[in-house]
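Q: Can we walk through this structure together? Start with the pockets, please.
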Amino acid sequence: MTVPVFYARPHPGDSTLGVDPALASWDRAGSPGQARSAAFIDGVYAAVAENVRATSGPLALRLDVGLADTVPLYALNDLDNYLFPLVPKLTERTGRAFASIWATKRHAATSSVGVGAAVPVDDPCGTYTFEVTTTASADTTAFKEQVRDQITAASPLSGRGVALQLAFVVGPRRAWPNLWKATIDALGSILGRDDGAREWNARDGRIIDLGLHCAVDPAAGDGVTIAIRASAIGEEVTA
């Protein structure tokens, strides 16, 4: 059985984005939200396409999102919503899959993106180190319940910000980006929930440093293994 693999954070992106990062939009085609998302994807593709072609082996992507000082850092603007559908669209356009995806958000005037080789590293550990397995489809409540039920020993991390890494082991037919949101939604015992929030409304806006990793195991079938590493973190994210 393939074990979860963690990859190093690529060096800071060397391409400053000329467009604002856009959150995923489920609005109708032609809406302002869809237009912003399309412009963001186009901008990232233009910035990384050459490096994607020049980099052999597994790929790592790094996105550093700059937010205005007036925008709350630890609420809303969920990092996984910047990455989806960005990463699937990049894979579609470049013909290259990504083994590791990193994203940060901070108060800054600019945003940047970069691509490099995905370099395996030792387990980063963390305040919480869980390994969970799922068998349900990611678009079902059962998937979230399976994750939730295996991390009941956790209680919400103190402080405001959270650094989270998720390392997935999936079968070759799995589109692993489809697992990101459902997994994070199930981490309420780690991230906490606002008063009165529904079961799957975890405080994922607290995540200011996110690493997502993937290893493919032909024997995994429909099963998914997820290594969860989470710690409290301040505003500054190091390179």
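**Pockets, sheet and cysteines**

A: The largest pocket has a volume of about 260 Å³. A pocket here is an open set of points on a 1 Å grid over the protein atoms alone, where a 1.4 Å probe fits, with protein on both sides within 12 Å along at least five of seven lines. The volume is the space filled by probe spheres set on the points, which are joined across faces, edges and corners. This is a predicted model: local features need pLDDT of at least 70, side-chain atom pairs count only at pLDDT 80 or more, and totals for chains, interfaces and linings use all residues. Residues are numbered from 1 along each chain as its sequence is written, and side-chain values use heavy atoms, with hydrogens and water left out.

Q: Which residues are closest to the centre of the largest pocket?
A: Ala97, Phe98, Trp176, Pro177 and Cys214. They belong to a lining of 16 residues, where a lining residue has an atom within 4 Å of a point.

Q: Which elements give two or more residues to that lining?
A: Helix 3 (86–94), strand 4 (98–107) and strand 9 (207–216). Helix 3 gives the most, with three residues. Helices (H or I, at least four residues) and strands (E, at least two) are DSSP runs, numbered from the N terminus.

Q: How does the lining of the largest pocket divide by class?
A: It has 13 nonpolar, two polar and one charged residues. Ala, Val, Leu, Ile, Met, Phe, Trp, Tyr, Cys and Pro count as nonpolar, Asp, Glu, Lys and Arg as charged, and the others, Gly among them, as polar.

Q: And what about the second largest pocket?
A: About 200 Å³ of space lies there. Its lining has 15 residues, and the closest to its centre are Asn201, Ala202, Arg203, Asp204 and Gly205. By class, that lining has six nonpolar, two polar and seven charged residues.

Q: Back to Cys214. Is it buried or exposed?
A: Cys214 is buried, because its relative accessible area is 9%. Buried means under 20% relative accessible area, exposed over 50%, and partly exposed in between (1.4 Å probe, protein chains only).

Q: What about Cys125?
A: Cys125 is at 45% relative accessibility, so it counts as partly exposed.

Q: New topic. How many helices and strands does the protein have?
A: Six helices and 10 strands. The radius of gyration is 17 Å, close to the 18 Å that the globule rule gives for 239 residues, so the protein is as compact as a globular protein of that length. That radius is taken over C-alpha atoms, and the rule is 2.2 Å times the number of residues to the power 0.38.

Q: What box do the C-alpha atoms fill?
A: Roughly 45 × 45 × 40 Å, along the principal axes. Buried residues make up 49% of the 239.

Q: What is the strand order in the sheet?
A: 2-5-3-4-9-8-10-7. The sheet is open, has eight strands, and its pairing is mixed. Two strands pair if DSSP finds at least two bridges between them.

Q: Which strands stand at the edges?
A: Strand 2 (15–16) and strand 7 (128–134). Each has a single partner strand, so one side of each is left without a neighbour in the sheet.

Q: How does strand 7 join strand 10?
A: Through seven bridges, running antiparallel. Thr129 has Arg229 as its bridge partner in strand 10.

Q: And strand 8 with strand 10?
A: Also antiparallel, over nine bridges. Leu166 stands opposite Ile228, and Ala167 is partnered with Ala227.

Q: In what sense does strand 8 pair with strand 9?
A: Parallel, over nine bridges. Val162 has Ile207 as its partner in strand 9.

Q: And strand 4 with strand 9?
A: Antiparallel, over five bridges. There, Trp102 is partnered with Gly211.

Q: How many residues of strand 8 are buried?
A: Nine of the 10, so strand 8 is largely enclosed by the rest of the structure. Strand 10 (residues 224–233) has seven of its 10 residues buried, so it is largely enclosed too.

Q: Where is Gln165 found?
A: In strand 8 (residues 161–170). Gln165 is buried, with a relative accessible area of 14%. Its C-alpha atom is separated by 27 Å from that of Val19, 146 residues apart along the chain.
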